[in-house]
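Colleague: I'm new to this one, and I'd like to learn how to read it. Could you walk me through it?

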Amino acid sequence: MKKKGYYSSGQFAGMAEVSVRTIRYYDKQNILKPSYVNENGARFYTDRDLARLQQILLLKYLGFSLDDIREMTVDTADYHMMKNSLEQQHKLIQDRIEQMQLVEAAIRDTADAIEKDHELDWSQMLHLIHLTGMETSLKRQYQDSTNITARINLHEKYSCNKQGWFPWIYEQSDIRPGMDILEIGCGNGALWTENLDKLPSEISILLSDISEGMLRDVRRTIGADDTRFVYQTIDCSQLPCEDNSFDLVFANHVLFYCHDIDRVCQEVCRVLKPQGRFICSTYGARHMKEISRLVQDFDPRIQLAADNLYDRFGLDNGRSILEKHFQTVELSRYEDSIYLTEPEPLIDYILSCHGNQNQYLLNRYKDFHSFVQKETKNGFTITKDAGIFICSKADADIN
């Protein structure tokens, strides 16, 4: 018997203009399950299932495998998650357009060279191969962008300190006209997008990240016409910069991800001008502990991080690491906490973490949403324990 508001597999496939075979295949692959299966085994779908099918078809169109799609989509269609999904899909489309424009230009240049020289330039052919293989990086870029946005949104919208993290860092930085500045691991560039109106017109800023996708997002947000900014994909353990190049170097929540922190500090010290400053942020052991307790109350198997990053470089041990490389090291703590009464921003944050949570939450999203909604209904406070180290280089390089 058909329930009201439900569509048979055939009706659902017809609405989406795909085959019933495709719908059945997605069901078999555990990507798009029916909302209802009757006693005879007939499968039925709802309007909400169309939202998930839209995500699947878009990601498939962009070249992702079904395994990738299974990891990148959440089994829900509430307005909040759909809005976030559409925003990220828009970024993916922009990335694909830029990549295809590069491929188009490379094909045109290769064809022109063949016509002119009557021989094939194999270096150009290799360039073409690399460009057409760029799809493999899209998944990582999508996930990086989604995760960073979720973490920043929680802090921006629900922090009790209304000054904001990035305006506070800018205030500590003493940025002046004529400076040469480098940020390593710039992420989505929030340090600059939130302080553009304060920046001097005469200044030079190199924004770097290991992710080309993140840099594309920043460039689009700031705008290509702002000549104060230059963008470069850089591994911060091997900075392609001359000695004594920068007055100021930033690393916002970056060092604890680095394989060799001492090596990165040596590189930063090398590229800093005499008396230049290095500003790096991190957090302490109390930071966001309430969130870890929350998810483990729901499922004790969940670990939001494989390692405690503050053990590698945190507020308690950061000074001893930095003092090996810099003349002075001062710690400035950011006084703040988070308070919220709705579940969605907290869930976004949890799903963005680097642990095993998606293994246990993606297929139980509705249950987890109800659990977090109950916990936040009367208010939920989250401890923040973060700050920056402000380091200065000596007149002569001490390394």
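Predicted model: local features only at pLDDT ≥ 70, side-chain atom pairs only at ≥ 80, totals over all residues.

Colleague: How many helices and strands does the protein chain have?

Modeller: Helices (H or I, at least four residues) and strands (E, at least two) are DSSP runs, numbered from the N terminus. Here the protein chain has 17 helices and 12 strands.

Colleague: And what share of the residues counts as buried?

Modeller: Buried means under 20% relative accessible area, exposed means over 50%, and partly exposed is in between, using a 1.4 Å probe and protein chains only. In this chain of 399 residues, 50% count as buried. The accessible surface, from the Shrake-Rupley method with a 1.4 Å probe and, for residues, only the protein chains shown as cover, is about 20,400 Å², and 49% of that belongs to carbon and sulfur atoms.

Colleague: What do the contacts say about how the chain is put together?

Modeller: A contact means heavy atoms within 4.5 Å. Take the contacts between residues at least 6 apart in sequence: 79% of them join residues at least 24 apart.

Colleague: Which residues of helix 11 are buried?

Modeller: A handy general point: an α-helix has 3.6 residues a turn, so residues three or four places apart point the same way. In helix 11 the buried residues are I261, V264, C265, E267, V268, C269 and V271. Their cover includes strand 4 (180-183), strand 7 (246-251), strand 8, helix 13 (309-312) and helix 14 (318-322). At the N-terminal end, D260 caps the helix: one of its side-chain oxygens lies 3.4 Å from the backbone nitrogen of D262.

Colleague: With those cysteines around, how many disulfides are there?

Modeller: A disulfide is a covalent bond between the sulfur atoms of two cysteines. The cut-off used is a pair of cysteine sulfur atoms within 2.5 Å, and the count is 0. For C265, the nearest cysteine sulfur is that of C280, 6.8 Å away. For C391, the nearest is again that of C280, at 4.6 Å. C265 counts as buried because its relative accessibility is 0%, and C391 is buried too, at 1%.

Colleague: How do I read a pair of aromatic rings?

Modeller: A pair is described by the distance of the centres and the angle of the planes. Rings of Phe, Tyr and Trp (its six-membered ring) pair if their centres lie within 6.5 Å; planes under 30 degrees apart are stacked, over 60 edge-to-face, and the rest tilted. The whole structure has 17 such pairs. F298 and F368 form an edge-to-face one, with 5.0 Å centre to centre and 65 degrees between the planes. This pair links distant parts of the chain, 70 residues apart: F298 is in helix 12 (residues 289-298) and F368 in helix 17 (residues 365-376). F368 is buried at 0%, and F298 counts as buried at 15%. Elsewhere, F256, Y257, Y283 and Y310 form one aromatic cluster.

Colleague: What does I347 touch?

Modeller: I347, in helix 15 (residues 344-351), touches Y365, F368, H369 and V372, leaving out residues up to four places away in sequence. I347 counts as buried because its relative accessible area is 0%.

Colleague: Last one: is R277 buried or exposed?

Modeller: R277 counts as buried, at 16% relative accessibility. R277 lies in strand 8 (residues 272-283), and its side chain reaches the backbone oxygen of S173 at 2.6 Å.

How values were computed. Residues numbered from 1 in each chain as written. Heavy atoms only, no water. Polar contact = N/O pair within 3.5 Å; in protein donor to acceptor, adjacent residues only side chain to side chain.
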